[in-house]
Amino acid sequence: MSQSHPASASPVTVRRAGKCDLDTIDALEGGAFEADRFSRRSLRRLLASASASVFIAQRESQATGYALVLFREGARVARLYSIAVAAEARGTGVVTALLQAVRDAAARRGCTRLRLEVRASNARARRAYERAGFSRAGMRPHYYPDGEDAVIMERELDTGAEGQSS
């Protein structure tokens with residue numbers, strides 16, 4: 001899959017991440033988050049987990065972002081647990097491409113909704129999620145280690161999309 005944005009930039013491609021992408025994902029996490037970030041040990045475990053899908057966004061073989069979605073056995077709601085974009089790639093379609101990959105993976109697993117938590121103070125991310133079809137579904141008070149609240153956002157998935165399994 002690819003997403004072209006802006007017109008002068010090469011397309012963003014998204015692929016499944018593997019264990020060999022640990023350093024790249026760790027660097028993207030470190031560049032995007034001062035706190036609330038995964039340890040290398042947790043990232044290694046998630047890359048090997050059957051209940052997680054991890055995606056890498058690239059432009060001209062340069063990693064520009066990653067996304068992590070979690071699944072629970074029998075659940076119809078997938079959870080977008082982390083998405084990080086390199087500072088120089090923000091606003092270039094990376095989030096759009098990653099969210100499409102996450103939605104597709106969740107729908108293939110039979111999920112009907114995608115949910116996430118975002119810091120209440122992160123207006124930029126909330127706007128990006130709203131543009132991607134998410135709406136506010138609630139709050140989680142004192143969710144983050146520093147005591148900040150999380151906004152719960154959710155969107156329905158197109159379960160009739162081509163190529164999905166029943």
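User: Is Tyr 143 buried, partly exposed or exposed?
Analyst: Tyr 143 counts as partly exposed because its relative accessibility is 31%, where buried means under 20% relative accessible area, exposed means over 50% and partly exposed lies in between, with a 1.4 Å probe and protein chains only. This is a predicted model, in which local features need pLDDT of at least 70 and side-chain atom pairs count only at pLDDT 80 or more, while totals for chains, interfaces and linings use all residues. Residues are numbered from 1 along each chain as its sequence is written, and side-chain values use heavy atoms, with hydrogens and water left out.

User: And what about Tyr 144, buried or exposed?
Analyst: Tyr 144 counts as buried, since its relative accessibility is 12%.

User: How many aromatic pairs are there in the whole structure?
Analyst: The search finds three, taking rings of Phe, Tyr and Trp (its six-membered ring) as paired if their centres lie within 6.5 Å, with planes under 30 degrees apart counted as stacked, over 60 as edge-to-face and the rest as tilted. One of them joins Tyr 143 and Tyr 144, which are edge-to-face at 5.0 Å centre to centre with 90° between the planes. Another is Tyr 129 with Phe 134, also edge-to-face because the planes are at 65°, with the ring centres 5.6 Å apart, and both of these residues are buried.

User: Which charged residue lies over the face of Tyr 144?
Analyst: Arg 119 does, at 4.3 Å from the ring centre; the criterion is that NZ of Lys or CZ of Arg is within 6 Å of the ring centre and within 35 degrees of the ring normal. Arg 16 has its charged end over the ring of Phe 55, 5.7 Å from the centre.

User: Which residues have the most contacts inside the largest nonpolar core?
Analyst: Those are Tyr 66 and Tyr 129, in a core of 47 residues, a nonpolar core being a set of buried Ala, Val, Leu, Ile, Met, Phe, Trp, Tyr and Cys residues joined through side-chain atoms within 4.5 Å. The largest share of this core, eight residues, comes from helix 3. Leaving out residues up to four places away in sequence, Tyr 66 touches several residues, including Phe 38, Phe 55, Ile 83 and Leu 98, with contact meaning heavy atoms within 4.5 Å.

User: Which residues of helix 3 are buried?
Analyst: Among them are Val 94, Leu 98, Leu 99, Val 102 and Arg 103. After helix 3 comes Gly 110, with a positive phi near 85°.

User: Where is His 142, and what is its phi?
Analyst: His 142 lies in the loop between strand 7 and strand 8 (150-156), and its phi is near 55°, a positive value in a residue other than glycine. His 142 counts as exposed because its relative accessibility is 61%.

Technical notes: Helix = DSSP H or I, 4+ residues; strand = E, 2+ residues; numbered from the N terminus.
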